[in-house]
Amino acid sequence: PRRFGMFATVPVPDVEGSLREIEYALDVLKADGIGFMTSYGDKWLGDPAFTPVFEELNRRRAVVYTHPTTPACCARLVRGVPPSTIEFATDTTRTIASLLFGGTATRFRDIRFIFSHGGGTMPFLTGRFIRLAADSKEAAARLPNGPVPELRRFHYELAQAAHPMALAALLKLVPVSQVLLG
């Protein structure tokens, strides 16, 4: 227990089942947090269908780790390029965008999010997120301080992102205190 931790995975599309598993994982198994994939079918983590799950995780001040997957939309798009090459990083960014622009990030401030692979393509697309928040009344209402303060609250692990280009972009956005070696 002093050297290894554990994240429990839950059946996110099944909200009631997820709530039961969160209780079991955190109270009985003493898991360190909950692990999610970035998307489930055609839904990313900021989808309103998952609100009860995030309400419970927020109440518990839980750590939430996300790992990318191949989204339903985007398997086999480029011949000879597996989804893990492009789509994993992009799906991480899609789920971050859904959490930001869907309002989940601002509503549930006690969840400690960890995103895999340096946040995917998010550091590169932050400028677009800023413009969207400035140009859209709906986005501005959900992100009253813009996206950057929310992005700086999140944690980012460096597996497959510990190279000079990705790391430089990420460290322009977040302090090293938000970066995890994982």
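The protein exposes about 9,900 Å², and carbon and sulfur atoms supply 57% of it (Shrake-Rupley areas, 1.4 Å probe; for residues, only the protein chains shown count as cover). This is a predicted model: local features need pLDDT of at least 70, side-chain atom pairs count only at pLDDT 80 or more, and totals for chains, interfaces and linings use all residues. Residues are numbered from 1 along each chain as its sequence is written, and side-chain values use heavy atoms, leaving out hydrogens and water.

**Overall form**
- A compact globule of 182 residues would have a radius of gyration near 16 Å, and the protein agrees, with 16 Å (C-alpha atoms; the rule is 2.2 Å times the number of residues to the power 0.38).
- Along the principal axes, the C-alpha atoms fill a box of roughly 40 × 40 × 35 Å.

**Burial and contacts**
- Of the 182 residues, 45% are buried (under 20% relative accessible area, 1.4 Å probe, protein chains only).
- Among contacts between residues at least 6 apart in sequence, 69% join residues at least 24 apart (contact: heavy atoms within 4.5 Å).

**Secondary structure**
- The protein has eight helices and eight strands (DSSP runs: helices H or I, at least four residues; strands E, at least two; numbered from the N terminus).
- Strand E1 (residues 7–9) runs parallel to E2, joined by three bridges (strands pair if DSSP finds at least two bridges between them).
- Thr9 has Gly35 in E2 as its bridge partner.
- Strand E2 (residues 33–37) is largely enclosed by the rest of the structure, because four of its five residues are buried.

**Charge**
- There are 21 positive and 17 negative side chains, and the centres of the two sets lie 7 Å apart (Lys and Arg positive, Asp and Glu negative; His and chain ends not counted; placed at NZ of Lys, CZ of Arg, CG of Asp or CD of Glu).

Technical notes. Buried means under 20% relative accessible area, exposed over 50%, partly exposed in between (1.4 Å probe, protein chains only).
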